[in-house]
Amino acid sequence: MYVGDHPVNDVAASKKAGMKGVWKRNSQGDNVKADFIVEDLEEIPLIIDKLRN
């Protein structure tokens, strides 16, 4: 899993490398193709728990 704030350099690149792409929402767009989208980094543990189950 890779968490980033850039739709291409972080999210798309991590997905291309076979990882889950997590986008930290910001003003760079609304149509980001991420596996997960978070508003706050405190949401990351919830995603990890979801992936474990």
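This note goes through the predicted model point by point, from the overall fold to single residues.

1. Dimensions. When the C-alpha atoms are laid out along the principal axes, they fill a box of roughly 30 × 25 × 15 Å. The radius of gyration of the protein is 10 Å, which agrees with the value near 10 Å that a compact globule of 53 residues would have.

2. Surface and burial. The accessible surface of the protein amounts to about 3,800 Å², and carbon and sulfur atoms account for 50% of that area. Of the 53 residues, 25% count as buried. As for contacts between residues at least 6 apart in sequence, 13% of them join residues that are at least 24 apart.

3. The nonpolar core. The largest nonpolar core is made up of 5 residues, namely V22, F36, V38, I44 and I47. The elements that contribute two or more residues to this core are β3, which covers residues 36-38, and α2.

4. The surroundings of F36. Once neighbours within four places in sequence are left aside, F36 is in contact with G21, V22, W23, I47, K50 and L51. Two of these partners, V22 and I47, are also listed with F36 in the largest nonpolar core.

5. A nonpolar patch on the surface. M1, I48 and L51 together form a nonpolar surface patch whose accessible area is about 220 Å². I48 is placed in helix α2, which spans residues 44-52. Is I48 buried, exposed or partly exposed? Because its relative accessible area is 31%, I48 is classed as partly exposed, given that the partly exposed class lies between under 20% for buried and over 50% for exposed. L51, another member of the patch, is also one of the contacts of F36.

6. The loop residue D5. D5 sits in the loop between β1, residues 2-4, and α1, residues 7-16, and it counts as partly exposed because its relative accessibility is 41%. Which residues does D5 touch, if those up to four places away in sequence are not counted? The contacts of D5 are then D10, W23, K24, N26 and Q28. The C-alpha atoms of D5 and S27 are separated by 9.4 Å, although these residues are 22 residues apart along the chain.

Note on methods: Residues are numbered from 1 along each chain as its sequence is written. This is a predicted model: local features need pLDDT of at least 70, side-chain atom pairs count only at pLDDT 80 or more; totals for chains, interfaces and linings use all residues. Side-chain values use heavy atoms; hydrogens and water are left out. Patches are made of residues with over 30% relative accessible area and no salt bridge: like charges are joined within 9 Å, nonpolar side chains (Val, Leu, Ile, Met, Phe, Trp, Tyr) within 5 Å. Accessible areas come from the Shrake-Rupley method with a 1.4 Å probe; for residues, only the protein chains shown count as cover. A salt bridge is a side-chain nitrogen of Lys or Arg within 4 Å of a carboxyl oxygen of Asp or Glu. Helices (H or I, at least four residues) and strands (E, at least two) are DSSP runs, numbered from the N terminus. Buried means under 20% relative accessible area, exposed over 50%, partly exposed in between (1.4 Å probe, protein chains only). The radius of gyration is taken over C-alpha atoms; the globule rule is 2.2 Å times the number of residues to the power 0.38. Contact means heavy atoms within 4.5 Å. A nonpolar core is a set of buried Ala, Val, Leu, Ile, Met, Phe, Trp, Tyr and Cys residues joined through side-chain atoms within 4.5 Å.
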